[in-house]
Amino acid sequence: MTFKHPSRTAPSGGARHFGGRPLGPAARRGLAGALAVGALVASLAGCGNSVEPIERLGRKTKPETGAASPSASAPVSSAPAGAPATPEQPYRKWGLKAPVAYAPKPAQKPRLPKPAPGRPALVDRIPVAPSEKVVFLTFDDGAEKNPEFLKMAADLKLPIGMFLTDNVASSDYGHFQALRDNGSGSTINNHTLTHPNLRTLSYAGQKKEICGQQERLAKRFGAKPTLFRPPFGNYNDDTLKAASECGISTVVLWRASMQINDFQYAEGSALKPGDIILAHFRGPSELKGSTEIEMTTRMLKRIQEQGYAIGRLEDYL
C-alpha cells in the first residue's frame, strides 16, 4: 500500500467543503478526524523501508496452499523463564518472549461520531478511554499467501481484520478462509476489486469497484462485509455515498502503519489507545528480504514493548 501527500487526499475546497458542497458543523468535526490521516500519509512518504506500491503485487498472485493449525482457546499464561517451547507456549515458537495480550470484548461499544445521512461511519482510531491500552490489527490486499503465516496466526490466535483486493487475493481465497476460520475471530472485509485511487474515478466507477467486491466476497464467503477500506486511504464524498449504497456501515482508515521493521505513526512516536494498525499481506520481494512472519513478529514485539493489548476490531465497531 502506498501513500499520497495530504494535499492529494484532502477534499477540495478545504475543511468546510466536501465534494464541492458546504459542510455543516457536525460534518466538519467528522472530516477533521479523517484529515488527521493525512499526517500519517505525510509521515510515510519517502520512507526508506516502506512497503512497495500495490502495482507490483501482480508478481505475488500465485496460489499457495496450507492449513491453519487447530487451536481451541486464547493465548495461555506465561511459563517460567527458560522453559522449552511446548504447544501451550506457542509465542516462543514465533520469536516472542511473552504471550500476546488480548483485550476482552467491551461490555459496551464505544460511541463513534455520527455519520452524515446516507453515509457510513468513518473511523481511524477507536474512541476508547485514555487508560485503555488496546490496538487493532488490520492486513490489506492479499498478495502474499504464506502457509506458515496461517500456522502463526492460528497458534497465537491473532484477531485480524482482513481487507482484501480481489485481483490479488482471489488466486487463493481459501488461504484467507483458513485464516478467518482458525478460531481467532478474524474477518474478511472489502478493499475493492482492483485497488485504484478511488478519487480519480467517477461515482459509477467507484460504485463498481466497491459493490463488485461486495458481490464477489459474498459469493465466496457467504456474506457481504460491512467494513471497507479505500485503497491508499483516498476517498471523497462519492466514495462514501457509493460505499453506503453497497451495504458498508463503516469506512476503516488507520493511525499507525507497520513497515518492515517498525511503525510509522500519524502523530508522535508511539502508539495511542484505540489505534488501528495497518499492515499488509506481503512477502520478501516487497519487504526487502523479510518474510511476512518476520514482519509480524516485529510488529507484535513493538506492541508488547509499548504495553498494549490487541482487540478484535469488530467487537468495538
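F281 is buried, with a relative accessible area of 0%, where buried means under 20% relative accessible area, exposed over 50% and partly exposed in between, computed with a 1.4 Å probe on protein chains only. The model is a predicted one, in which local features need pLDDT of at least 70 and side-chain atom pairs count only at pLDDT 80 or more, while totals for chains, interfaces and linings use all residues. Residues are numbered from 1 along each chain as its sequence is written, and side-chain values use heavy atoms, with hydrogens and water left out.

**Overall make-up**

- The protein chain has 11 helices and 12 strands, these being DSSP runs numbered from the N terminus, with helices (H or I) of at least four residues and strands (E) of at least two.
- Of the 317 residues of the protein chain, 51% count as buried.
- Among the contacts in the protein chain with a separation of 6 or more, 77% are accounted for by residues 24 or more positions apart, a contact being heavy atoms within 4.5 Å.

**Aromatic pairs around F149**

- Rings of Phe, Tyr and Trp (its six-membered ring) are taken to pair if their centres lie within 6.5 Å, and planes under 30 degrees apart count as stacked, over 60 as edge-to-face and the rest as tilted; by this rule the count comes to 7 aromatic pairs.
- F139 and F149 form a tilted pair, at 5.6 Å centre to centre and with 45° between the planes, and this pair links distant parts of the chain, since F139 is in strand β4 and F149 in helix α5 (residues 147-156), 10 residues apart.
- Both F139 and F149 are buried, the relative accessibility of F149 being 0%.
- The rings of F149 and F281 have their centres 6.2 Å apart and their planes at 90°, so this pair is edge-to-face.
- Because F149 lies in helix α5 and F281 in the loop between β11 (276-280) and α10 (292-305), the pair ties together parts that are 132 residues apart in sequence.
- Ring pairs link F139, F149, F176 and F281 into a cluster.

**Nonpolar cores**

- A nonpolar core is a set of buried Ala, Val, Leu, Ile, Met, Phe, Trp, Tyr and Cys residues joined through side-chain atoms within 4.5 Å; the largest has 41 residues, of which F149, L271, I277, M299, L300 and I303 touch the most other members.
- Leaving aside neighbours within four places in sequence, F149 is in contact with F139, I160, L179, F281, E292, I293 and T296.

- D141 is found in strand β4 (residues 134-141) and is buried, with a relative accessible area of 0%.
- The side chain of D141 makes a polar contact of 3.4 Å with the side chain of H195, a polar contact being a pair of N or O atoms within 3.5 Å, of which, within protein, one must be able to donate a hydrogen and the other to accept it, while residues adjacent in sequence count only if both atoms are side-chain atoms.
- S184, in the loop between α7 (173-180) and β6 (187-190), is buried as well, with a relative accessible area of 11%.
- A polar contact of 2.7 Å joins the side chains of S184 and N182, and a polar atom of the S184 side chain lies 3.1 Å from the backbone oxygen of L158.
- With neighbours within four places in sequence left aside, S184 is in contact with K157, L158, P159 and L179.

**Helices α7 and α8**

- In α7, the residues Y173, H175, F176, A178 and L179 are buried, and the buried residues of this helix pack against α5, β5, α6, β6 and α8.
- Helix α8 (residues 203-221) has 19 residues that, at 1.5 Å a residue, should span 27 Å, which agrees with the 27 Å between its end C-alpha atoms; the expected span is 1.5 Å times one less than the number of residues.
- The buried residues of α8 are Q206, E209, I210, C211, G212, Q213, Q214, L217, A218 and F221, and what covers them includes β5 (160-164), α6 (166-169), α7, β6, β7 (227-228) and α9 (237-245).
- Just after α8, G222 takes a positive phi of about 95°.
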